[in-house]
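Reader: I'm new to protein models. Could you show me how to read one?

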Amino acid sequence: MKGEKKKRIIKIIKIDVDKCTGCRACELICSAFHAAPRYSSNNPARSRIRVIHEPLRDIYIPVYAGDYAAAECTARDKYTIDGKEYEECAFCRASCPSREIFKEPDSGLPLKCDMCESDPPLIEPMCVQWCLDDALTYEEREEEGEEEEKIEEIEIGLESLANKHGWQKIMDIVARMSKKG
Amino acid sequence: MRFAETGFNLEVDLTRGNIEREATDPKLTALYLGGLGTNAKILWDRVPPEVEPFSPDNLLIFSTGLLVGTPAVGCNRTIVSTFSPQTLLMAYSMMGGFWAPELKYAGYDKLIIHGKSPDLVYLWINNDKVEIRDASHLQGKGATETAELIRQELKEPKAQVASIGLAGENRVYFASIEQGRSSASRGGIGAVMGDKGLKAIAVRGTNDVNIARPDEFIELCNEALEYIKVRRENPIPGVMPILAGLGSPQEMAIHDEKWHTENFAWGNSRHRRKGFWNEEIEKQWTDTMENYRTRLISCHNCPMKCGATISIPGFPTYMMKCFSKLTYAMAAMSDLEFGLRIAQSATEYGMDGFTAPQVMAFALELYEAGILTDKDMPGMPSDNEGRFYWLLDKIVRREGIGDVLANGTYWAAKEIGNGAEEYAHNNIKKHEQLPLKLGMLNPIYFLMYSTGEKINITQIEGNFPQAPFATREEREEFVKDWIQVPDEKFKKWFLDWELRGENSIPYYPTVEATCEIVDWQEKMHYIDDATGMCAGLSSFPLKPPYHIHNLPTLISAATGMDLDESGLTQIAKRIRNLVRAVNIRRGMRRKDEKPPEDHWKKRFPELETKLLDEYYKFKGWNEQGIPTRESLHELGLDYVSEDFLQRGILTDVEGSPSEKASTEK
């Protein structure tokens with residue numbers, strides 16, 4: 001297995017903050033697309049994209065929901081770009097305890113952008129389709145990468161779990177889970 | 001389940017500090033849709049004509065439109081309705097921006113304010129949690145400044161805030177309600193908000209807005225978006241750039257101001273300056289705009305960019321749109337640099353960008369004529385621009401002559417006397433109009449100006465071209481893809497409409513055609529004002545994405561209502577008549593329905609009488625402009641005619657109802 005090359009499609013949404021007009025159509029259509037049944041309800045608070053905006057400071061940043069982070073960062077960055085200082089979490093995609101966004105408003109469960117995966121697939125994610133000013137554009141790229149089995153990482157992970165819960169518990173869980181499947 | 005709407009209104013009594021969430025009757029939606037329609041019904045039912053605008057019994061209603069909060073592109077309007085201290089009639093100024101969608105996501109279709117708070121307060125609506133909070137620390141603060149301070153103290157950057165500035169607090173009759181990049185400014189509704197002791201309303205909402213038939217609905221939204229793309233690529237040839245595309249006139253994006261600066265009147269709506277726009281001025285004004293405009297910006301879920309952020313070094317940043325770009329500059333006989341600077345102060349004070357500059361120019365004209373003297377203007381600077389700043393301050397603070405001027409030109413002229421009335425020359429129904437003074441009477445505009453209850457031409461005119469195209473070829477080209485017309489006959493009228501000769505204004509379009517053209521344009525505005533659709537994508541521009549053929553299905557798919565073209569037309573008619581009924585009950589009659597005396601140089605009294613007679617008949621109104629019993633009955637508005645009979649506004653005579661006060665004509 002080791003060293004085998006594998007092709008995969010990388011999906012990219014390119015964000016041009018200079019072109020954003022702050023209309024938030026991306027938020028609205030995202031929430032509609034992900035409603036069940038599809039388009040049956042609208043609520044930007046459920047959106048997986050949020051426009052971080054401070055009109056008086058001319059700040060408009062569309063940000064996509066990324067991975068869930070269980071803990072807040074202990075250290076943060078502050079960016080100054082073109083003389084505009086951005087909030088510490090401005091560019092961060094995480095759904096995390098330090099802020100309200102990217103969580104279902106009623107359950108608090110984390111949200112994550114799935115590029116509008118659907119069957120049949122869309123030409124572009126809905127937010128991109130609804131952004132007529134091209135602040136959001138879509139690209140696909142084929143990448144070749146080595147599918148390495150990162151044994152070391154698994155070992156490190158298991159060890160830390162064992163340190164926390166004890167080896168016996170981990171073994172029991174592994175035994176039970178492997179039976180299932 | 002309710003679709004597109006929430007089914008709840010928020011009732012806030014500021015006298016008692018009482019807050020209620022009231023379920024609404026779905027039958028009212030079927031009859032009046034929402035927005036302006038249901039606002040008019042509430043004002044009819046709950047505010048008798050004796051109630052003064054500054055009475056605690058006057059209501060101030062902030063309504064979302066029926067389709068606000070859905071993906072219907074460009075549907076984001078807040079329709080504010082109350083009674084105007086200036087016109088004493090119903091005012092229903094509106095604003096775009098983000099406030100109405102947020103209110104709907106918070107779970108309410110309308111916020112209805114009654115009573116009066118003894119101390120300055122603000123409202124904080126956070127989904128189900130609604131608080132009346134102390135605003136004494138915000139007293140005198142600017143409108144934009146207030147919104148920022150409230151977001152900070154609530155620690156809620158996503159709250160949308162509608163607020164008033166000092167003008168509203170001091171009940172200036174042309175005070176606006178500001179909302180960051182948008183404002184509801186006509187009719188003095190900011191003064192009513194100030195009178196109620198309400199500085200601001202902050203809203204945050206995280207609930208769902210449901211759609212009845214999602215697949216059908218989203219397809220219609222996508223179609224609208226596609227059509228907008230097509231219109232972007234294909235501006236209409238033969239009309240000036242600001243009218244060639246969609247949206248409100250693209251004043252923030254387009255630099256060519258030849259048309260406005262040479263065709264609109266400067267000063268107190270007096271001077272036409274032919275040849276004003278030259279290369280030097282074009283360069284200077286373009287530089288000014290390019291230097292100060294940091295970004296073109298949009299309202300909620302709309303691809304148009306009608307607004308802009310304006311940052312002038314040394315001044316706080318503010319946001320602007322449309323024609324307020326030029327109103328101060330032209331009233332003060334100055335330039336764009338001055339216009340953008342003073343608009344910053346005026347926006348923070350919260351003032352109507354149409355009326356405020358005209359009031360100031362009016363005062364300066366009175367001063368030049370010796371009707372106002374140095375005694376009235378102590379300490380006024382000698383230069384025009386300095387005088388404008390001086391007057392702005394006096395008016396907003398209601399100090400000295402400012403206290404008189406703060407009531408607008410109509411009331412100020414009455415109070416000043418000594419011939420001042422002649423100078424308050426640009427009003428309709430006591431309300432200042434765009435500074436336009438033209439040559440030949442235009443029959444379409446004559447009727448819109450006279451009978452429009454929004455009392456503001458840019459919010460009445462619409463889908464029919466403002467002027468004929470020069471050649472038949474151009475006209476034929478225009479009608480080729482004119483799918484928006486309700487009927488083919490509109491194409492014929494446009495094709496035959498010439499710049500000169502027999503088929504030109506004032507006698508063409510004919511009286512009959514004029515009635516239909518005005519009725520069509522007005523109908524589209526009434527539908528928009530009920531759904532919350534921005535006129536800029538619907539009733540205002542040429543060839544918009546929304547029109548009478550697709551709006552019924554759009555509303556049906558969103559709400560589940562059963563609606564076709566004739567059904568929607570009937571609802572629009574019902575709303576139109578109810579708004580008229582509200583004003584008729586407050587005394588509005590034919591004598592009030594006229595454009596400014598000097599709007600056109602060439603007037604045609606006989607034709608004008610005929611136009612008004614025929615239009616009233618066409619609308620089902622009697623010769624005083626009062627809806628007849630038959631037409632009210634046909635619209636299911638019998639409760640209106642009963643009230644009219646009781647008050648003697650209509651009399652119970654067999655056949656056509658007559659009118660007591662018909663001698664007033």
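This is a predicted model: local features need pLDDT of at least 70, side-chain atom pairs count only at pLDDT 80 or more; totals for chains, interfaces and linings use all residues.

Reader: How many residues of chain A and chain B are in contact?

Author: Contact means heavy atoms within 4.5 Å. Here, 35 residues of chain A are in contact with 43 residues of chain B.

Reader: And what area do chain A and chain B bury between them?

Author: Buried area is the accessible area (1.4 Å probe) that two parts lose on being put together, summed over both. For chain A and chain B that's about 3,000 Å², with 53% of it on carbon and sulfur atoms. On the chain A side, A:Leu56, A:Trp130 and A:Leu132 supply 24% of the area buried against chain B, more than any other three residues.

Reader: How many salt bridges are there between chain A and chain B?

Author: A salt bridge is a side-chain nitrogen of Lys or Arg within 4 Å of a carboxyl oxygen of Asp or Glu. The count between these two chains is five; one of them joins A:Asp133 and B:Lys305, at 2.7 Å from N to O.

Reader: Is B:Ser298 buried or exposed?

Author: Buried means under 20% relative accessible area, exposed over 50%, and partly exposed in between (1.4 Å probe, protein chains only). B:Ser298 counts as buried because its relative accessible area is 2%. Among the residues B:Ser298 touches are A:Gly22, A:Cys23, B:Phe98 and B:Arg181.

Reader: Which side chain makes a polar contact with the side chain of B:Ser298?

Author: A polar contact is a pair of N or O atoms within 3.5 Å; within protein, one must be able to donate a hydrogen and the other to accept it, and residues adjacent in sequence count only if both atoms are side-chain atoms. For B:Ser298 the partner is the side chain of A:Thr21, at 2.7 Å. The B:Ser298 side chain also reaches the backbone oxygen of B:Met304, at 2.7 Å.

Reader: How far apart are the C-alpha centres of domain 2 and domain 3 of chain B?

Author: Domain bounds come from an automatic or database domain assignment. In chain B, the centres of these two domains lie 34 Å apart. A salt bridge links B:Lys429 with B:Glu593, whose closest N and O atoms are 2.9 Å apart.

Terms used. Residues are numbered from 1 along each chain as its sequence is written. Chains are lettered from A and ligands numbered from 1 in the order in which they are written. Side-chain values use heavy atoms; hydrogens and water are left out. Lists of a residue's contacts leave out its neighbours within four places in sequence.
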